[in-house]
Amino acid sequence: MTENSKVFVNLNLASLCDSGPKYGWIEDAAVVVVDGLIDWLGSREALPSLYNSFPQIDLGGRVVTPGLIDCHTHIVHGGNRAVEFEMRLNGASYEEVARAGGGIVSTVKATRAATDEELLTTALARVDVLIAEGVTCIEIKSGYGLDIETELRMLRVARAIGHKRPVRIKTTFLGAHATPADYAGRDDAYIDEVCIPALRAAHAEALVDAVDGFCEGIAFQPAQIARVFHVACSLGLPVKLHAEQLSNIGGAKLAAGYGALSADHIEYLDEAGVEALAQAGTVAVILPGAFYTLRETQAPPIALLRKHGVPMALATDINPGSSPLNSLLLTLNMGCTLFRMTPEEALRGVTQNAARALGLSDAGTLAVGKRADMAVWNIKHPAELSYRIGFNPLHSRIFGGTL
């Protein structure tokens with residue numbers, strides 16, 4: 001036994017492991033933690049005697065799940081776009097707002113003007129809300145700098161969050177998010193002169209865990225994204241992609257061709273694209289916040305994803321424009337009510353499959369050898385996490401074995 005050994009007892013466990021009963025459910029369970037990792041778990045009555053001397057922490061019969069994972073966010077940014085929200089309510093489409101100089105480009109201006117301290121302070125306020133909902137891991141993208149200096153600043157701020165709060169941070173380079181005003185009409189030049197050099201610089205500073213892009217008619221074409229992905233692969237970085245959100249221009253197939261970790265949004269994905277994701281083992285990340293905010297009518301092809309066995313993750317897509325959604329618990333409910341995902345699919349979407357979407361093998365389910373990142377809930381059944389609206393039943397969070 002080490003100083004960091006303990007046994008959590010008197011809990012009902014939803015391990016989310018694939019084998020066994022629904023939700024990986026174990027009643028009256030025990031979880032042994034040694035040095036931040038799970039050393040044993042199972043029914044409390046089966047607890048091996050070698051753990052009898054370990055300190056015990058009674059969780060009062062509560063439900064324990066893996067710590068939640070928000071696998072797609074733009075949580076570091078300057079300003080907000082409330083005025084554009086009002087414009088859309090008055091009839092302007094997302095594309096019309098973007099072409100009028102709003103959208104991503106307006107956030108770029110605010111982000112470039114913000115200091116690192118301002119970016120960190122505002123991001124931490126958003127992060128704290130997620131932590132209070134049982135989140136233990138957050139993916140954070142760049143993409144609101146669109147110049148080398150600000151893209152690097154965003155990634156440095158994202159890394160700093162992991163030192164300021166007890167939460168795991170995964171960073172994603174999203175230089176291919178939009179073309180800035182000074183490169184208007186010169187998308188290829190922007191990719192060559194800014195995006196790719198920024199990616200190389202960020203990799204040199206060890207600021208990047210993955211590379212993303214926005215493949216859409218109002219953003220970048222598949223051939224342009226492919227040039228960025230080629231560099232990412234040469235650097236040994238995994239890729240993911242905003243694909244088929246507003247139209248189908250083949251982004252998901254492109255992503256699958258590069259063995260992408262995930263294809264995100266995918267409202268306009270067809271069956272051929274779903275088959276490509278299935279063959280590549282790429283996760284489909286469902287983002288109901290953007291669908292809701294933009295008042296879209298084309299829902300992601302949940303039935304096709306089920307049919308072809310494509311893992312589905314859920315995420316907030318926290319951003320100032322198309323998804324100002326700062327609640328992963330509400331995201332669970334939206335995935336069920338808007339897209340008819342089941343409560344178990346939704347919960348796996350913010351644990352097991354969210355981990356897959358980030359390339360994490362040590363999180364997302366509770367099993368021996370994995371990180372002891374857990375959420376303790378004042379509920380009786382895991383479906384309650386998707387059922388309630390605007391209600392947070394978190395009792396406590398366990399991060400690296402620390403309650």
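Where is the place of Ile266? Select it in this predicted model: Ile266 sits in the loop between strand 10 and helix 9.

Ile266 is not a glycine, yet its phi is positive, at about 50°. Its relative accessibility is 0%, so Ile266 counts as buried. Now move along to Leu269, which lies in the loop between strand 10 and helix 9 (271-280). Leu269 counts as buried because its relative accessibility is 6%, and the cut-off for buried is under 20%. Leu269 and Val285 are 16 residues apart along the chain, and their C-alpha atoms are separated by 12 Å.

**Another positive phi**

Select Asp317 next, in the loop between strand 12 (312-314) and helix 12 (328-339). Asp317 is a residue other than glycine with a positive phi, near 60°. With a relative accessible area of 1%, Asp317 is buried.

**Aromatic pairs**

Show the rings of the aromatic residues. A pair of aromatic rings is described by the distance of the centres and the angle of the planes. The count for this model comes to five aromatic pairs. One of them joins Tyr183 and Tyr190, with 5.9 Å from centre to centre and 70° between the planes. This pair is edge-to-face, because the angle of 70° is over 60 degrees.

Is Tyr183 buried or exposed? Tyr183 counts as buried, at 12% relative accessibility. Tyr190 is also buried, with a relative accessible area of 0%.

Another edge-to-face pair is made by Phe229 and Tyr258: the centres are 5.5 Å apart and the planes are at 75°. This pair links distant parts of the chain, since its two residues are 29 residues apart. Phe229 is in helix 7 (residues 222-234), while Tyr258 is in the loop between helix 8 (251-257) and strand 10 (262-265). Phe229 is buried, with a relative accessible area of 0%, whereas Tyr258 is partly exposed at 29%.

**Arginines over rings**

Select Arg371 together with Phe399. The charged end of Arg371 sits over the ring of Phe399, 5.1 Å from the ring centre. Then select Arg388 and Phe391. Here Arg388 lies over the face of Phe391, and the distance to the ring centre is 4.9 Å.

**Helix 3**

Select helix 3 (residues 104-113) and colour its buried residues, which are Ile104, Thr107, Val108 and Thr111. Why are they on the same side of helix 3? They cover an arc of only 110° around the axis, which puts them on one side. An α-helix has 3.6 residues a turn, so residues three or four places apart point the same way. Turn the view to the other side of helix 3, where Lys109 and Ala113 are exposed.

**The largest pocket**

Which element gives the most to the lining of the largest pocket? Helix 2 does, with three residues. By residue type, the lining of the largest pocket has 12 nonpolar, seven polar and two charged residues.

How many cavities of 30 Å³ or more does the structure hold? There are two. The second largest cavity has a volume of about 70 Å³. To find the second largest cavity, select Pro66, Gly67, Ala363, Gly364 and Asp373, which are the closest to its centre among the 13 residues that line it. The lining of the second largest cavity divides into five nonpolar, four polar and four charged residues.

**Last stop: Val368**

Select Val368, found in the loop between helix 14 (352-357) and strand 13 (374-377). With a relative accessible area of 55%, Val368 is exposed. Val368 and Asp39 are 329 residues apart along the chain, and their C-alpha atoms are separated by 5.3 Å.

Terms used:
Residues are numbered from 1 along each chain as its sequence is written. This is a predicted model: local features need pLDDT of at least 70, side-chain atom pairs count only at pLDDT 80 or more; totals for chains, interfaces and linings use all residues. Side-chain values use heavy atoms; hydrogens and water are left out. Rings of Phe, Tyr and Trp (its six-membered ring) pair if their centres lie within 6.5 Å; planes under 30 degrees apart count as stacked, over 60 as edge-to-face and the rest as tilted. Buried means under 20% relative accessible area, exposed over 50%, partly exposed in between (1.4 Å probe, protein chains only). Helices (H or I, at least four residues) and strands (E, at least two) are DSSP runs, numbered from the N terminus. A charge sits over a ring if NZ of Lys or CZ of Arg is within 6 Å of the ring centre and within 35 degrees of the ring normal. The arc is that of the directions from the helix axis to the C-beta atoms. Ala, Val, Leu, Ile, Met, Phe, Trp, Tyr, Cys and Pro count as nonpolar, Asp, Glu, Lys and Arg as charged, and the others, Gly among them, as polar. On a 1 Å grid over the protein atoms alone, a cavity is a set of points where a 1.4 Å probe fits but cannot get out, and a pocket is an open set with protein on both sides within 12 Å along at least five of seven lines; lining residues have an atom within 4 Å of a point. Grid points are joined across faces, edges and corners, and a volume is the space filled by probe spheres set on the points.
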